[in-house]
Amino acid sequence: MQRLPAALTACLWLACLNLGGSAHGEEVPRLTFAQLVDSLRANFDVTQTIKSYSGREVEIQGFIIPAGPPDLSFFLLSRVSAMGNYCCEVPVGQDETVYVYATKGVKILYDPLRIYRVRGAFEAGPHTDRTYGVSLFRVRNARVEEAVGAKIFKVGETTAPAPNK
Amino acid sequence: MTILTVALKYLRGRFVASALTAVSLTLGVSLVMASVLLARGIKEGFTEGTTDYSLVVGAKGSPTQLVLNVVFRMDVPTPNILYGTYRQLRDDPRVEVAVPVALGDAYQGFRFVATTGAYFAGFPWRRKVFEVSGGRLFRDDVPGQPTYEAVLGAEAARRTGLRIGDRFYEGEELAEYPLTVVGILRSTVSADDRAIFFSLASFWEMNEVSRKMKIKPLTAILVRAKRMSDLPSLHRGFNISTETQAVFPSAVLLGIFNLLSLAEEVLTVIVAAVAIVVLLYLFVSLYSATLERKREIATMRALGASRATILGIVLLESCVLASVGGAVGILGGHGVVYLGASLLAARSGLVMNVFRISALEPVVFGGVILLGALAGLLPAVLAYRTDVTENLAPLS
């Protein structure tokens, strides 16, 4: 019986550590497609606010468009699914597409109608890749997982989380 | 005499039982290796053999059929689309390269692929390199003036025995339009090794239906966009049309991989069951052998062998059987995969590299020895505990 308080204390410590871990996980800022579209300026320039995320770890949620090899070492992350010939609006282009360079061994069950969470080093601004051409927004060393119940924010929607949150 | 020599002598002493145990281990390991290597090989074959083009445009129908036929030369071609679709894509400012492809007919099972010289062109984004090992590529002849020049994939040339300058045709209908081999490609380790390429003009003239058509037919168009970000809109544009579809080849392959992973899960359960049965067999074999020779063990103990030595002998027997079964099983697994890969390559365009050695082999080998030792542990403990006085008592 004397061991019970010690065990309880240990459990509490573990729970605190676990909460700390979750809190740390949520510190990765989430960028939305609404923010990316809003950041676009003339001559393919982007705002300083978005540029300030460059080199930092960010999270972006969207649909996977497997425009690269089937090992998903490269793919496009889009606000709009590649499927659905009737339901969704036609994707616009650069501003609504993020070029994702994933770390090797992406292990997901690909579904064009599911939303995925991508975390990795963000880059903003025009860049030309030898293989995949010109891009505006990129995520490198990305890790991919399914984002259950996620919502994709469109331009003009005010529910998008504020930057740095 | 070392304990290994004693263990080997014991195994030789009951040769039939030992051989049968090793064979069952070999079969089990072969099954595990073959299933893992085949599943991995099929995925890698699809990944490495896929096209560098991001989009395939074809007639409405099954996306899987379109990709498997155009990229891997499996299945039958999808219905035709009109040449106008190619012109539309060629003139689209978002498109960097559009390559028209027409498929149909074959020579000795090697599919005819009618296309333009752009199919073989090198680009900075292209992994696949086309080079001729002999001769040259066919000329992009003008419609109505076909030259019937053909370029053979490496495997097609090897299997058919055709050489540069040879004329060939298959079937009565095509006898009027024999093709002439002008070049042979180096291997690209893809379905293109098993194809026979020639110009669209030759293809249209060889076929009665297309000969009469004013606007010529195509099977598909391979598309590379200038900007990847234009692909979603290009894709959508063709898919809202009632006649054409655009498909991301990787999306189709990922769908196939999803199905494969389901099959892999089922296979894992079967393989695990087989492994348990094989280990139980090894355990029963060693256990009964230990029971049979309790008297011998007691004699050895009486002659000065320690309990640890007895334990070591039985464990070594188990490890030797596991090593033999593991090594031969790994080789056997590769053999089965080689046969499977040859069959797949002969019947489809899927090329698998079966001779690639990875971390799998040492892991499986080590795992088999470890599990073998585990299966031999209880018989070894039984031998270890063998009572000398009880087992050396007169049998009567």
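Tutor: In this predicted model, the largest pocket is lined by 28 residues, and those that lie nearest its centre are A:Val106 and A:Lys107 from chain A together with B:Arg40, B:Lys43 and B:Glu264 from chain B. Two elements give two or more residues each to this lining, namely helix 2 (15-49) and helix 9 (249-292) of chain B. Of these, helix 2 of chain B provides the largest share, with 9 residues. The volume of the largest pocket is about 900 Å³, and when its lining is sorted by class, there are 12 nonpolar, 8 polar and 8 charged residues.

On the side of helix 2 of chain B, the contact is made by B:Val29, B:Met33, B:Val36, B:Leu37 and B:Arg40, while helix 12 of chain B brings B:Leu360, B:Glu361, B:Val364 and B:Val368. Taken by class, this contact has 7 nonpolar and 2 charged residues, and no polar ones. Notice that B:Arg40 belongs to this contact and is also one of the residues that lie nearest the centre of the largest pocket.

B:Leu37, B:Arg40, B:Gly41 and B:Glu44 are among the residues that line the second largest cavity, and so are B:His334, B:Val337, B:Met352, B:Asn353, B:Val354 and B:Arg356. Here the elements that give two or more residues are helix 2 and helix 11 (307-347) of chain B, and helix 2 of chain B gives the most, with 4 residues. By class, the lining of this second largest cavity has 4 nonpolar, 3 polar and 3 charged residues.

For comparison, the largest cavity has a volume of about 110 Å³. It is lined by 13 residues, with B:Thr51, B:Val71, B:Tyr119, B:Lys128 and B:Asp192 lying nearest its centre, and its lining divides into 5 nonpolar, 3 polar and 5 charged residues.

Technical notes. Residues numbered from 1 in each chain as written. Chains lettered and ligands numbered in written order. Predicted model: local features only at pLDDT ≥ 70, side-chain atom pairs only at ≥ 80, totals over all residues. Heavy atoms only, no water. 1 Å grid on protein atoms, 1.4 Å probe; cavity = no way out; pocket = protein on both sides within 12 Å on 5 of 7 lines; lining within 4 Å. Points joined across faces, edges and corners; volume = space filled by probe spheres on them. Nonpolar A, V, L, I, M, F, W, Y, C, P; charged D, E, K, R; others polar. Contact = heavy atoms within 4.5 Å.
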